[in-house]
Amino acid sequence: MKIATFNINNINRRLPNLLRWLRAARPDVVCLQELKSADAHFPVDAIEKAGYGAVWRGQKTWNGVAILARNADPVLIRTELPGDNDDTEARYIEAAVNGIIVTSLYLPNGNPQPGPKFDFKLDWFARLRRHAAKFIKQDLPVALVGDYNVAPAELDIYPTRSWDNDALIQPKSRAAFKSLVEQGWTDAIRKLHPSKPMFTFWDYKRNRWPRDAGLRLDHLLLSPKLAPRLVKAGVDRKIRGEEGASDHAPAWIQLGRRITKSDSNFKQPCHRHCEASEAIHTAA
C-alpha cells in the first residue's frame with residue numbers, strides 16, 4: 001500500500017501536474033493540502049476519471065485538504081481537528097482507507113513570529129497532539145500525514161541563516177513536532193533515510209529549486225500499530241521541476257502486508273474513537 005502526501009498549492013491550477021503524477025506513481029492513497037478551492041469547485045470528475053475516490057474540505061482562496069484513494073472510496077471520519085469550535089480553517093480531514101486511518105493535515109505556517117499567527121500554530125499543534133494521543137491509546141493503525149510546516153532538525157533545511165527568524169524552524173515549532181513524535185509515532189521518511197536531507201519544499205524565490213535550497217516540511221507519521229509495515233519511503237523530487245509545479249514535491253511511503261481483522265482492534269470497546277474503529281471496519 002503506497003501512501004503519499006502532496007501540498008498541491010492550488011488543485012485546479014496544478015490539476016494537469018497532479019493527474020500526470022497519479023498516472024506515473026500510482027499511489028493507493030494521496031493526502032492533498034492547500035487545495036485553494038471552495039468545495040463546489042473541487043475537480044471531483046477529473047479525480048474520479050483518474051480512478052480515485054475522494055473526500056475533501058475546501059476553502060476559497062486558502063487552505064483546503066483532501067484524501068484520495070485509488071479504486072476505492074475513503075470512509076470519511078471527520079473534517080476538522082477537535083478542540084476549538086472557533087477554528088473555521090480547512091486544515092484537517094480524516095478517513096479510513098483499506099483498513100487504516102489516514103489524515104491529511106495542513107498545519108498553520110505561523111509567520112510572522114512572534115505574534116498571533118505563531119501562537120495559533122502552537123495551539124493547533126497542541127490540539128493535534130491531544131487528538132493523536134487518542135490514536136496511540138486505542139492502538140489504531142494510523143498514518144498521520146500532511147504538511148506540518150516544520151523542518152524538525154538542521155538536516156531538514158539547506159545550510160543557511162536566511163530562515164533563522166522563520167516560524168518553520170523556531171525552537172518551539174521543533175519542540176512541538178518532537179513532542180508529537182515522542183508519543184510513539186514513527187517519522188517514516190527519517191526512519192528509512194536517517195542521514196539524507198529528503199527535502200519536500202523549495203520556495204519559488206531566490207532560485208531555490210535549481211540550487212536545491214529546500215526544506216523537509218511534509219511528513220508521514222505512523223502509529224505503533226502501523227509502523228512495522230513500513231518497507232520503503234521517498235520523495236518524488238522531479239515533480240517539483242515540472243512546468244507550473246507546486247513548490248512542494250510528493251513524499252510517500254510503501255507499506256507491506258495489510259492488517260487483517262484477526263490482528264487489529266475491530267472488536268475493541270467503543271470509547272472516544274468508536275467512529276474511527278467503525279470506519280476502519282467499513283473500509284477494510
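Which residue takes a positive phi just after H3? Asp-139 does, with a phi of about 55°.

**View 1. The predicted protein chain as a whole.** The model is predicted, so that local features need pLDDT of at least 70 and side-chain atom pairs count only at pLDDT 80 or more, while totals for chains, interfaces and linings use all residues. Residues are numbered from 1 along each chain as its sequence is written, and side-chain values use heavy atoms, with hydrogens and water left out. The secondary structure comprises six helices and 12 strands, both being DSSP runs numbered from the N terminus (helices H or I, at least four residues; strands E, at least two). Along the principal axes, the C-alpha atoms of the protein chain fill a box of roughly 55 × 40 × 40 Å.

View 2. Of the 284 residues, 58% are buried, that is, under 20% relative accessible area with a 1.4 Å probe, protein chains only. Among contacts (heavy atoms within 4.5 Å) with a separation of 6 or more, 71% join residues 24 or more positions apart.

**View 3. Helix H3 and its cover.** Helix H3 (residues 116-138) has 23 residues and reaches 34 Å from its first C-alpha to its last, close to the expected 33 Å, a span defined as 1.5 Å times one less than the number of residues. Buried residues of H3 include Phe-118, Trp-124, Phe-125, Leu-128 and Phe-135. The cover over the buried residues of H3 includes strand S5 (75-78), strand S6 (92-97), strand S7 (100-106), strand S8 (142-147) and helix H4 (171-181).

Notes. Buried means under 20% relative accessible area, exposed over 50%, partly exposed in between (1.4 Å probe, protein chains only).
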